[in-house]
Every structure is written in structure tokens, then in C-alpha cells.
Amino acid sequence: MAQATETRRPVIEIKGVSKTYRTRDGEVPSLRPLDFTISDGEFVVVVGPSGCGKTTLLKMIAGLLPPSEGEIRVEGKAITKPHGGVGIVFQTAMLLPWRSVFRNVMMPVEVKGLPRKDYEKRATALLKMVGLEGFENKYPWQLSGGMQQRASICRALVHDPKIVLMDEPFGALDAMTRERMNVELQRIQRETKKTVLLITHSIPEAVFLADRVLVMSERPGTIAAVYDVPLKRPRSLDVLADPVFVELTQKIRKHFNATTTGA
Amino acid sequence: MSPLSQPSQHWFQAAWLRPLIFLVLLVAAWDAAIRVFHIPPYQVPAPKDVIITLWQEWPMLLQEAWPTTVATLWGFFLSAAFGIPVAMLIAGSRTVESYVYPLLVFSQSIPKIAIAPLFVVWFGFGMLPKVLSAFLLGFFPVVVSAVQGFKSVEPDMLDLARAMEANRLQIFRMVSLPHALPAIFSGLKVSITLAVVGAVVGEFVGSNSGIGYLLQRSIGNFELPTMFAALVVLALIGVILFWLLDVIERLAIPWHASQRQDFIIAA
């Protein structure tokens, strides 16, 4: 499986990574040992039930949490602390309410002390790409939820990271906006050629967006299955009715039903 | 002008008008109560007498208001200058919090007004005991509000900043401090009104100038109109200082939800 992608250069390597939280009530295992690799430019979607450690996995890749065991490598370097090589998008846009949309997008540039002039052009271009042209000087609360989330995607991309990590980025949006955002995200990924790791608990969203879907089991989570998505890109929303799409979502859904009834 | 912003332009819609109308009604009720119940002027003076006193004694009242205002402002500035950094330490470090915060809360159960005479013993008559008494009352609300402000930053926001490799100072400057500002301002507003009380208490126990001194002297001489006039001046000090702070708040955090009304119209 995944013959075509495995020949490409690996960007994220996860080797025997597990996570156990130490709490007052003792040790709480969050992730059982995981192994997988994500290649350059690949769009990988992790789908799993709530509380299966998806977010923990994402934070470990960003260097925000140390793994309990195992090793995470990003572009060959072992990750022990935040490394700035990623852009992150959370479920809520997390824009700073006192900054205009443009200054929110420029925040990583400011933090890293990158040359502002060059990146201002980039920020403007990104905002244009996501259809926020003319909203640069608005404040986040003057934007709709979908627009805020698009601005936060621009912020994740502005410093040109290799990797974009997205934690249920469209989970707080209504179903129609969500579908539109999926199409848009696919276009953004194709235009920027970023490596994307996206977490969701929507199976259709996972299949629609992914080159590869990692299915996670209940807590303590581990990878239960990996599915390649053979659908051609660019995918339109018509794909949702494609027999291949329907079959794959069914297959993944069955997998969840099997694990829940089995447990 | 858009039709939406039109009504706010009429003077009879102004925000200050309604409390003013209510105030006039209250004064009228006061006057009526004195006439109906035949309350003697050595117990409650008539509004007319108070207004006449305010008019005639205005230069003296203003002169006495000055030291009270100065003591209030110093007490308030000290509250802010110490309260905000203390809150930063408490919010920033579990260790500091566990040592300091319970004691700070406990210290609030001591009636601070009872400490004021001690300041006179230590520092004599004059400005310093008044300032300290104002500081003592104004300090705590700043700390409590600011701690709450610093601590209520969303963890995801902090993670986001950390993932950008922001250092502690950058996180503080770009995320925590602006996030805490609305809470800090609400603490400062409580603080400034309490600082007025603190200054007056300081003047009660050991001073020969200021509104607090005037209050004590006039009640001792049964000069009730003067005493009431002094109360009016005291209220004016509080209102003016509060209003100034409100203006500063509007300028400092125009983005905050509590200030958005005008902001949207302006945008």
C-alpha cells in the first residue's frame, strides 16, 4: 500500500511514539505506540473517536508536548521543543481580538523577527487566496466564523512552514460552510504544496481531503488502519456521490462500529 | 450619517441625561420629605441650604478637595504600580501563588480602616498616611482582577504562540497582557473609588486638611449644610476620577466587547 507516496522524502517520522499522562489519579495512557511516516506534500487525515489522543499526537509533532516513549522526527531532526517549522490551525480560529486580521496573520512573522516587508506581501497574497481581500483591517469579531478560520489558515501559512497541522479546523462551522471550506482547503494545499496533517472526526471530510486516512482506535489510541484514497484531484463536491468515495467512507465507518461493538 | 446612528445624536437621548433626571427627582423627594415630616435642619439640611453652601463656600471646598484628590491619585497609582506586577507574579508562578495568594485573600478580612490610625502613629499627620490608606484599599481589587485576567488566556492561544517559538516575554507582550487589560481596567475602576474612601478615612484619623477633615469638623460643629456640601464634593471627585479612567479605558482597549458600540459605528 501507498507505494507511490513512500518513495517521496519523509517529512514527519513517528517511531514507537506513545504518551501517558501523569495525573493525581495515576497514569492515564493516551496513545499506544504509533509508527507512521508522512511524505513531502502529502495530505494525511487522522480520523478517530473523541478522546483517542489525536490532539496529543498533533501537539507532540508541534513540539508542544514531549512523547513518553519513542521519537518524532521532522525533516530528519528529532523534536524536543517547539520548532517553528509548523503552522497550526485549531478548532476555533484563536485570532487575537485586539489585532486586525492582517496583523493577526503577521503574528508569526513578528514573533520570529522575519523581514516584515517581504512577508507583508505574502500575507496580502494569502488573504487574497482565501477570499479575504478587503478585510485586512477588520477585527476578528467583525468576521463570520468561516472567515475567521480562513484568516487563521493564512496565519498558519504566512511564515512558509513545511508542515501545516490542523486540529478539527472546521469542527465549529455549520455543515454548508464546512463543505465549502473543505474544497477551499484542498485548493490551498494544492497551490502551496504543503504537507498537511489534519485531524477530524468527520469521515466524509477525511476521505474528501486526504491522500491517506489514518484511522485511530478508542483511547488509548493507536492506528487501527490506513486507507489510501484513490480519488483524482482536484476533487469537487460531486466526489461525495462517487462510488469509490461512498465505498471508502462505508469501510471506515464499519471499522468504527466494529471497534465500538467489540470493546 | 446613517439612520442607525441618528438617535444617539439628539441631546435628549444622551447617556448622562437619564441619571441626571433621576438625581433631580431624588433631590425633589429629599426636599419633600423634609417638608412633610418636619425634619429639623440640625438632622437633615434642606437641599436649598446645601446648594447655597456649595455656592458660597465653593473656594474653600475646592481648596479642601485638592489634598484628598492628590492622596487618592497617589494611592491609586501605587495600587496599580504594585498590584499589576504582583498579579503577574501570582499568575505566572504556581509557587508564588501558593505562598502569596492565600495570605493576600486572608489579609482582606482585616478591616483596613482599623489600620489607618496606625499609619498616623508611624508617619504622623500629613500626606503619607492618607496615601497609604488609599493604597491599602485600592490595592486588592487590582490584584484580584489582574490575576483573573492573566489566568484566563486560552491554553490553545498560548500553545499557538509557543508553536511559533515565541519566548516568554513575547507571549506576555503579545498575548497575556492585552488579554488581561479589560480585567485590569475593571479592577482599576473599583480601585479608584475605593482609593477615595481610603483617602477620606486617612483624613478622618489624622489630618488637618482635606474633605475627610472637613466632614469631621463640620459634623462636630453641627454645620450640616457644610457637611452635605463636602459629601457632594467627595462624590464629584469619585465621579470625575472614574470618568477619566473610563475615557482612558476606551482609548486603550477599543477592541473590547464592552467598547464595541461606538467602534462599529465608527468603522
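In this predicted model, chain A is divided into domain 1, which takes in residues 3-85, 165-179 and 196-262, and domain 2, which covers residues 92-160. The C-alpha centres of domain 1 and domain 2 of chain A lie 26 Å apart, and where these two parts of chain A meet, six residues of domain 1 are in contact with five residues of domain 2. On the domain 1 side of chain A, the residues that touch domain 2 comprise four nonpolar and two polar residues, with no charged residues among them.

Cys154(A), when its neighbours within four places in sequence are left aside, is in contact with Val105(A), Ala123(A), Leu126(A), Leu127(A) and Val130(A).

What remains is the interface between the chains, in which 15 residues of chain B are in contact with 17 residues of chain A. On the side of chain B that touches chain A, at least two residues come from each of the helices α7 (155-163) and α8 (168-206) of chain B, and α7(B) gives the most, with six residues. Sorted by class, that side of chain B has nine nonpolar residues, one polar residue and five charged residues, whereas the domain 1 side of the contact within chain A has no charged residues.

Definitions and conventions
Residues are numbered from 1 along each chain as its sequence is written. Chains are lettered from A and ligands numbered from 1 in the order in which they are written. This is a predicted model: local features need pLDDT of at least 70, side-chain atom pairs count only at pLDDT 80 or more; totals for chains, interfaces and linings use all residues. Two residues are in contact if their C-beta atoms, placed from the backbone, lie within 7 Å. Helices (H or I, at least four residues) and strands (E, at least two) are DSSP runs, numbered from the N terminus. Ala, Val, Leu, Ile, Met, Phe, Trp, Tyr, Cys and Pro count as nonpolar, Asp, Glu, Lys and Arg as charged, and the others, Gly among them, as polar. Domain bounds come from an automatic or database domain assignment.
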